[in-house]
Amino acid sequence: MCMELESDSGCDALRSHQKSLRKSGRFDVRCSLAAETGCNRAHKRKRARRSSESAPELVYTFIEQAVQPGAAVALKCSALGDPPPRFRWTLDGQPIPSHHGASISEGRESGPSGVGGSHNYVVSTLSLGGARVEHGGRYECRAVNSHGSVAHLARLNVYGPPYIRAMNPVKAVAGTEISVWCPYYGFPIDSVKWEGGMGSDPRYQQQDGRLTIINVDKSRDQGGWTCSVMTPGGELARREVQVSVVSPPVVSLSPPPALRAADRAQLTCTVTSGDMPVYFSWLKDRLPVSTALQVEERGAEFYSMLVFKRVSAAHSGVYTCVATNAAGRANASAEVAVKVPPYWQTEPTDGAVLLNGSLTVSCDARGHPLPTVYWTKLTGNTETALGAVSEPAVLSNGSLWLAAARADHSGRYRCRADNGVPPPLSKTLKIHVNEPARFESQSANVSAAQGESVRLVCVVRGDTPLAIAWTHAGRPLPNSDYRMSISETRSAEGLRSELVVERAGRRDSGVYRCQGSNPYGRSDHFLHLAVQEPPEPPSDFRVVETTSRSVRVSWRRPYDGNSPVVSYELQYRPHTHLPPASDGWSDARAHNVSVSSPSHDAYSDMESATIDSLEPATAYLVRARTLTAQFASTHTRAVLALTQHEPPSRPPLGLRASAPRLATVELAWQAPSQSSWNGELLGYTVWWWVSADGAVSGGANVGMEFATVRGKVTKYIIEGLEHYTRYSVSVRAFNSAGAGPATPPVTTLTKESVPSEGPRAVRCRAVSPQSLKVEWSPPPAHAHHGALLGYKLLYRPELTAEWMEWDVRGASGASAGSWGAEVKRVSGVETLVLALQPHVNYTVQALAYTAAGDGAPAPPLRCATHQDVPGPPAAIKVVATSATALAVSWLPPVRPTGPLLYYTVFYRELGRERPPQTTRVPAEDGETLLGLGGIAELRPLAEGATYEAWVTAHSAAGEGEPSAPQPATTTARAGVRVLSFGLWTRVGCGRALQLACTWRGDPPPRARWLRADRPLTHDPRARLTPLGHLALHGQ
């Protein structure tokens, strides 16, 4: 039995089922691989993301199974991990011996999507070629790599007698929990039991051959334990194992007293209980005790002691005593703290710092416990404590930190270190804050009118001695310039220097530097002197870009006269030829370009502006000038700017459309007003398209088309259009800049024409022997070319002998067409054609017509009417051939109504009230026989009696009308009589014929054929048949 389960719950059900079947011995599992049963946790593929390295993870495992001896078994485990894991197999907790007969293979497979890379998916298989009963047991596969391991175990049961493998002695630690497995094999097994210890004890638990002892006790649990295995048939196997119980050591460590440097001390570690012998070791701060500490270790059987002859700060730490015996190990720890007074690690010293600079003064002390550092500032007899948020601030490492030194930070400071072990440390030091030469501001702007006196003042601050030096444009002031004088004044604010310049001019403008200095540094103060005068007009004024509605001009920034340029004024006007006496700028328009200092580009001295709202294709004169708050420059020379063309702004006027001829539309319009041309008009673009509101004919989908009309022509003829289609037309004027707006669309309808295609899907079927039903679909909409008024149906018989006679009649009829066909007008798409001949092939064509005439016809279609009952034979003869026999002959019906099947000859004796007798004569097949439809011999009849006979024709439609009865009297004197008939006929040229010649007489007569009363002999186109008929061959 091989059960297939899809989940872990299903696997549990299978295992429960296995247990229930062990007793009965009916359990026969031959699914040696987990993939065959489908009952394995490995079927639930794990798709979690994995890191670059990971511990092993089982993704495919085997299940418990039972097999017959000799069966092939394969136990398979798959795992993934990084690095790739290796597998180890055991049987009942022991390595599998080499004589066991098991073969173990290991390889790699491509992992399923989401499981892992193909290089990390490892498969290990334990194979048994022929299972034996001793192969049974508990198998375990364990996957191992550098990050860990994972295992899976399950039993393999082989049918056979029970047996228990030898077990190694078990060592248990008192107070812990142990599990012992019974290594049995054989199958089926009814029970597995353990016996030993105190017998019934709640601490003992048994399940599936595993003995678990909770809280092991040496006095109750030590000794022999026996495992018993029994089959349902009563076979028993037993095996004993020895369980020994050992006790781990229990350690106590006395804590040391409080110690100071140079004291003596000892630590004693005692084992109060546990099995002997006991081994001791010591650790300091989790490391072996260093020999550099000069600590002596002494000990005896159950204690150990550390002796400190002279303690120091290096001896401080956590000491651990570790006691080990056969049962385990125990440890105890105690802390040794040696108190050491503070001492300097980094002694603080005096410091100096520049104003606004930073300074760190270190104060680092050591001791045990670690000392706390305190800082204070000494001001006279006052001592102020400093902290982490004060200025200066005390850092966490005990240093004093000045982030931005101020003048009031200068003075005396004290650093003190104390850990409660006398004596404390203390050091007083000085900090000096030096102020370099400095100015309150870096620069200032000074302006003056041309010719006025200017005073430039600067005040430098800082520690003495202070000095000031003046420069202009980077050069010292000239001593020879009597217009300049310098004076200095000392005050509480610092050193004040004043530079006076008399009758200032343009050359005095620029940057003056006042430089102050002292031994701790120097600083600069800049004064920007601007001697103001009227600005110059913009230079390099030119047009750089034009559009149809704007002009962009640029210029180079001029000398501003040392006054901020407020704006530039641009004047512009259309260029006209004015009289010389007129300046032409009185009506000019102005465009102001505001200037703000931050907008100046430091890397370019160019300015630009755009004049908008201009007219297209117009010449303008443009000039500019510079404006400051007090002055205005002269104007630049006027430059010429020509705006570009622009597409016309208005559509053409009065668009009209007409359709005077077939497939054409004539257009006419007027040019737009000249003010909207925006340049010279070059022509017009004409657009036309099938109107969106639908051509009357619903024609084909046609896109927009266009044509170009150049010059001043305002007419255009559109040709090659669809017939009877509504078109929309629009016109646009264009110049060199492009096309302007289009006129509103004007619609017109092209002239009507005849349909270009015939009706589609013409279908014909016979309704009766005299009627046909013809159906069709209208021509495609694009082929209508007009409003369809209806359809014409043309029909005629095929070219047979009857057709030729009918054609003569048709040609003379008023309703016949030019080719002899009858015409029927129809308004719909179907009609019945009546009064036709039975069983005749007709050629049918349909066409549509409009008011313009008939359209193209559809391809001709052949259609035959139904058969009808035949008419009476055209003629009948009844002649006596003997005293007891008559011969009856007849001609076929005049109008064929279908293939004739046979004739029925009726005859009866006159004067007797008896029903007529009948005889059936098959109709002749094959080649047409003219002059005879059939012949019948009537016998035996009464001698000298008068009979009458008549004939009816039969077709698939039924029996036709009878011929007129013909009488005849039997007689022994029968003369020569011709039974065939003479007639006139018309046939097509080249057609083969047979002319009938049948006779009766006694004695038999001799027959001959005449043509124009002359015997017919040696004619290659004629021959006599064995029956006496004349066969004429076609050309």
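Residues are numbered from 1 along each chain as its sequence is written, and side-chain values use heavy atoms, with hydrogens and water left out. Because the model is predicted, local features need pLDDT of at least 70 and side-chain atom pairs count only at pLDDT 80 or more, whereas totals for chains, interfaces and linings use all residues.

A disulfide here is a pair of cysteine sulfur atoms within 2.5 Å, and a search of the whole structure finds six of them. One of these joins C77 and C141, with 2.1 Å between the sulfur atoms. C77 is in strand β3 (residues 73-82) and C141 is in strand β8 (residues 137-145), so the link connects distant parts of the chain, 64 residues apart. Strands are DSSP runs of E with at least two residues, helices are runs of H or I with at least four, and both are numbered from the N terminus. The torsion about the S-S bond of C77 and C141 is -75°, and the link is left-handed. For solvent exposure, buried means under 20% relative accessible area, exposed means over 50%, and partly exposed lies in between, with a 1.4 Å probe and protein chains only. C77 has a relative accessible area of 0% and is therefore buried; C141, at 0% relative accessibility, also counts as buried.

A second disulfide is formed by C182 and C227, whose sulfur atoms are 1.9 Å apart. C182 lies in the loop between β12 (178-181) and β13 (184-187), while C227 belongs to strand β17 (residues 223-230), so the pair ties together parts that are 45 residues apart in sequence. The link of C182 and C227 is left-handed, with -95° about the S-S bond. C182 counts as buried because its relative accessibility is 3%, and C227 is buried at 0%.

C363 and C415 are also joined by a disulfide, S to S 1.7 Å. This pair links distant parts of the chain, 52 residues apart: C363 is in the loop between β30 (359-361) and β31 (364-368), and C415 is in strand β36 (residues 411-418). The torsion about the S-S bond of C363 and C415 is about -80°, so this disulfide is left-handed. Both C363 and C415 are buried.

C989 counts as exposed because its relative accessibility is 82%, whereas C997 is buried, with a relative accessible area of 13%.

The aromatic rings come next. A pair of aromatic rings is described by the distance of the centres and the angle of the planes. Rings of Phe, Tyr and Trp (its six-membered ring) pair if their centres lie within 6.5 Å; planes under 30 degrees apart count as stacked, over 60 as edge-to-face and the rest as tilted. The whole structure holds 15 aromatic pairs by this search. In one of them, the ring centres of F308 and Y319 are 5.5 Å apart and the planes meet at 80°, so the pair is edge-to-face. F308 is in strand β25 (residues 303-308) and Y319 in strand β26 (residues 317-325), eleven residues apart. F308 is buried at 4% relative accessibility, and Y319 is buried at 0%. Elsewhere, ring pairs link F541, W555 and Y568 into a cluster.

Some rings also have a charge over them, meaning NZ of Lys or CZ of Arg within 6 Å of the ring centre and within 35 degrees of the ring normal. The charged end of K76 sits over the ring of Y60, 4.9 Å from its centre. R573 lies over the face of W585, at 4.8 Å from the ring centre.
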